[in-house]
Amino acid sequence: MPDWLLTHNGWLWAILGLVLIGGEILAPGVFLIWLGLAALVTGAVVGIFGLGWQAASIVFAILAIASVAAGRLLTRRRDEEPDAATGLNDRGRQLIGKVFRLEATMTGGEGRVRVGDSSWRIIGPELLAGTEVKVVRVEGSTLVIEKA
């Protein structure tokens, strides 16, 4: 290995860290920043202790795993499951609290309600056609309703 590489190993890690952090600006996704921080810290450790490239690579690998895990903990919402707030890909959950008008009388506690261009199965108290109903929860693909 060339002598200049051995004597400037810490600076190379620092430059790599800055490049990775700069890459976060070009490809935002809150991932490269953690690897960049790990590379910066690796550069400092190499500069202080004069580690070789093998030990520096191991230090970087450990710091990269730790920083990505810490970043994930810091950016995760503590009070919600993924997609819980948006209801993304769960159309039934998006309908909770909405009010609709029954087009037909419910019989046996079951019926159907039109939501946009689709029809949903509903369960709840027996109600007459034209009654406004509110969705209170979802059970599978069935809406549970009550009189609005």
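# Reading helix packing and burial in a predicted model

Me: Over what distance should the 18 residues of α3 span at 1.5 Å a residue, and how far apart are its end C-alpha atoms?

Reply: The expected span of a helix is 1.5 Å times one less than its number of residues. The 18 residues of α3 should therefore span 26 Å, and the end C-alpha atoms of α3 are 25 Å apart, which agrees. Please keep in mind that this is a predicted model.

Me: What do the end C-alpha atoms of α2 show, by the same reasoning?

Reply: Helix α2 also has 18 residues, so a span of 26 Å should result at 1.5 Å a residue; its end C-alpha atoms are 26 Å apart, in agreement. Helix α4, with 23 residues, reaches 32 Å from its first C-alpha to its last, close to the expected 33 Å.

Me: Where do these helices belong in the protein, and in what order do the elements run?

Reply: The protein contains five helices and five strands. Read from the N terminus on, the order is α-α-α-α-α-β-β-β-β-β.

Me: How are two packed helices described?

Reply: For α2 (residues 9-26) and α3 (residues 32-49), the axes come within 7 Å and cross at roughly 165°. That makes α2 roughly antiparallel to α3, because an angle over 145 degrees counts as such. The crossing in which α2 passes α3 is left-handed.

Me: At what angle do α3 and α4 pack?

Reply: Helices α3 and α4 pack at an angle of about 140°, and their axes are 8 Å apart. That makes α3 oblique to α4. The crossing of α3 and α4 is right-handed. On the side of α3, the contact is made by Trp34, Leu35, Ala38, Ala39, Val41, Thr42, Val45 and Val46. On the side of α4, the residues include Ala56, Val59, Phe60, Leu63 and Leu74. The contact of α3 with α4 has 14 nonpolar, three polar and no charged residues.

Me: Where is valine 59, and which residues does valine 59 touch?

Reply: Valine 59 has its place in helix α4. Leaving out residues up to four places away in sequence, valine 59 touches Thr42, Val45 and Leu51. Valine 59 and valine 45 are 14 residues apart along the chain, and their C-alpha atoms are separated by 8.4 Å.

Me: Which residues of α3 are buried?

Reply: A residue is called buried when its relative accessible area is under 20%. In α3 the buried residues are Trp34, Leu35, Gly36, Ala38, Ala39, Thr42, Gly43 and Val46. What covers them includes α2 and α4 (53-75). In α4, the buried residues are Ala56, Phe60, Ala64, Ser67 and Gly71, and their cover includes α2 and α3. In α2, the buried residues include Asn9, Trp13, Leu20 and Glu24. For the protein of 148 residues, 28% count as buried.

Me: Is glycine 47 buried or exposed?

Reply: Glycine 47, found in helix α3, has a relative accessible area of 58% and is therefore exposed, since the cut-off for that term is over 50%. Glycine 47 and asparagine 9 are 38 residues apart in sequence and 7.5 Å apart in space, C-alpha to C-alpha. Just after α3, glycine 50 takes a positive phi of about 65°.

Me: Where does leucine 127 lie, and is leucine 127 buried or exposed?

Reply: Leucine 127 lies in the loop between β3 (118-123) and β4 (132-139). With a relative accessible area of 11%, leucine 127 is buried. Apart from neighbours within four places in sequence, leucine 127 is in contact with Leu102, Thr105, Met106, Val133, Ile145 and Lys147. Glycine 111 is 16 residues from leucine 127 along the chain, and the C-alpha atoms of the two are separated by 9.3 Å.

Conventions: Residues numbered from 1 in each chain as written. Predicted model: local features only at pLDDT ≥ 70, side-chain atom pairs only at ≥ 80, totals over all residues. Heavy atoms only, no water. Axes fitted to C-alpha atoms, helices over the stretch in contact; angles between N-to-C directions. Helix = DSSP H or I, 4+ residues; strand = E, 2+ residues; numbered from the N terminus. Parallel < 35°, antiparallel > 145°, perpendicular 65-115°, else oblique. Left-handed = near helix turned anticlockwise from the far one by under 90°. Buried < 20%, exposed > 50% of the residue type's maximum accessible area, 1.4 Å probe, protein only. Contact = heavy atoms within 4.5 Å. Nonpolar A, V, L, I, M, F, W, Y, C, P; charged D, E, K, R; others polar.
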